[in-house]
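Good morning, and thank you for the time. I would ask you to bring up the sequence and the structure together, and then I will go through them.

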Amino acid sequence: MIHSGSRNIGFKVAKRYNELAVSLRGKMPFSVPKQWQLAALPLESDAGRNYMLEMQCCVDFALANRRLMMDHVKASISEVAGPVEYSEMINVSHNFAAMETHFGQKVMVHRKGATRAFAGQTGIIPGSQGSASYVVRGKGESESFMSCSHGAGRKMGRKEARRKLDLASEKRKLDKLGIIHAIRSRKDLDEAPGSYKDISKVMANQKDLVEIVVKLRPLAVIKG
Ligand SMILES: Nc1nc2c(ncn2[C@@H]2O[C@H](COP(=O)(O)O)[C@@H](O)[C@H]2O)c(=O)[nH]1
Ligand SMILES: [Mn+2]
């Protein structure tokens, strides 16, 4: 499983257009109460069109990176194990917006920390370095706009994790499970198992959204 996004450029694009939308509040053909924090741009404006194009570039860039990393991993596996046959790559993105039809209407769906779970769609829900990850099949639940969680989700922020988690016990947890891990110093604690929610509870809470196809157990983790 390879987990990598657009390496911050997607965030920068979203931030830039969100700031633009906030600055244009009140000058738009629609109004959203300020406290909802949902500034928007008309899709038929230059800014709206450019946002969608730039966001798609970031999504494509992230996928190209994952494909490249996957090719390197496959080449390394083949070097050791000889020829290996692989099934189709499962690609999952999150933090993106897309035009979709829900409840009979065309709407723009923004998935942040969430991903698509259309009926029959294969997806991946990662846990953490020390817990299971899941290959899933979407159930297309309309109430969730056909979405599921993108992962276990954070129990605490990165800085908080570096401050609060105990380095020795986080390492011990992984060592005990026999997982080759990537936690060396306090700065790595931001992605230690203790900073994420319990994936088994998260999966139990979204039984109506996805069905589990395969439960994956971590053996080794490499952090870039
Ligand atoms: N299997 C692993 N899952 C991981 C790891 N680090 C994080 N995660 C999970 O992914 C989601 C999303 O992460 P994000 O960085 O895109 O927000 C997160 O909620 C965790 O559940 C890992 O090393 N291995
Ligand atoms: Mn991610």
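In which loop is His-150 found? His-150 is found in the loop between strand 6 (147–149) and helix 3, where helices (H or I, at least four residues) and strands (E, at least two) are DSSP runs numbered from the N terminus.

A word on conventions before I continue. This is a predicted model, in which local features need pLDDT of at least 70 and side-chain atom pairs count only at pLDDT 80 or more, while totals for chains, interfaces and linings use all residues. Residues are numbered from 1 along each chain as its sequence is written, and chains are lettered from A and ligands numbered from 1 in the order in which they are written.

The UniProt annotation "active site", from an unreviewed entry, covers His-150; UniProt positions are in the numbering used here, feature names are shortened, and annotations may be inferred rather than shown by experiment. Is His-150 buried, exposed or partly exposed? It has 19 other C-beta atoms within 10 Å, and therefore counts as partly exposed. The scale is as follows: a residue is buried if 20 or more other C-beta atoms lie within 10 Å of its own, exposed if 12 or fewer, and partly exposed in between, with C-beta atoms placed from the backbone. Leaving aside neighbours within four places in sequence, His-150 is in contact with His-94, Gly-113, Ala-114 and Thr-115. Contact here is defined as C-beta atoms, placed from the backbone, lying within 7 Å.

His-94 lies in the loop between helix 2 (46–81) and strand 1 (96–102), and with 16 other C-beta atoms within 10 Å it is partly exposed. Beyond four places in sequence, the contacts of His-94 are Arg-111, Gly-113, Ala-114, Thr-115 and His-150.

UniProt, again in an unreviewed entry, lists His-3 and His-94 under "binding site". They span 92 residues in sequence, yet no two of their C-alpha atoms are more than 11.2 Å apart, so they gather at one spot. His-3 is found in the segment before helix 1 (9–23), and it is partly exposed, with 14 other C-beta atoms within 10 Å.

A further "binding site" feature, also from an unreviewed entry, is placed by UniProt at His-94, Asn-95, Ser-133, His-150, Gly-151, Ala-152, Gly-153 and Lys-223. One of these, Asn-95, is found in the loop between helix 2 and strand 1. Asn-95 is buried, with 20 other C-beta atoms within 10 Å. Not counting residues up to four places away in sequence, Asn-95 touches Gly-10 and Lys-112.

Which residues are closest to ligand 1? The closest are Pro-126, Gln-129, Ser-133, Gly-151 and Ala-152, out of 14 residues that surround the ligand; a residue is counted as near if its C-beta atom, placed from the backbone, lies within 6 Å of the molecule. By class, this shell has 5 nonpolar, 8 polar and 1 charged residues. Ala, Val, Leu, Ile, Met, Phe, Trp, Tyr, Cys and Pro count as nonpolar, Asp, Glu, Lys and Arg as charged, and the others, Gly among them, as polar.

I turn now to the overall arrangement. The chain is assigned domain 1 (1–89) and domain 2 (90–224), with bounds that come from an automatic or database domain assignment. Taken over C-alpha atoms, the centres of domain 1 and domain 2 are separated by 17 Å. The contact takes 8 residues from domain 1 and 10 residues from domain 2. On the side of domain 1 that touches domain 2, helix 2 gives the largest share, 4 residues. The residues of that side divide into 6 nonpolar, 2 polar and no charged.

Helix 2 itself has 36 residues and reaches 52 Å from its first C-alpha to its last, close to the 52 Å expected at 1.5 Å a residue; the expected span is 1.5 Å times one less than the number of residues. Tyr-51, Cys-58 and Ala-62 are buried in helix 2, and the buried residues of this helix pack against helix 1. Just after helix 2, Gly-82 takes a positive phi of about 80 degrees.

Finally, consider helix 3 (residues 158–164), where Arg-162 is found. Arg-162 has 18 C-beta neighbours inside 10 Å and so counts as partly exposed. Its C-alpha is 7.4 Å from that of Asp-188, 26 residues away in sequence.

Conventions:
Two residues are in contact if their C-beta atoms, placed from the backbone, lie within 7 Å.
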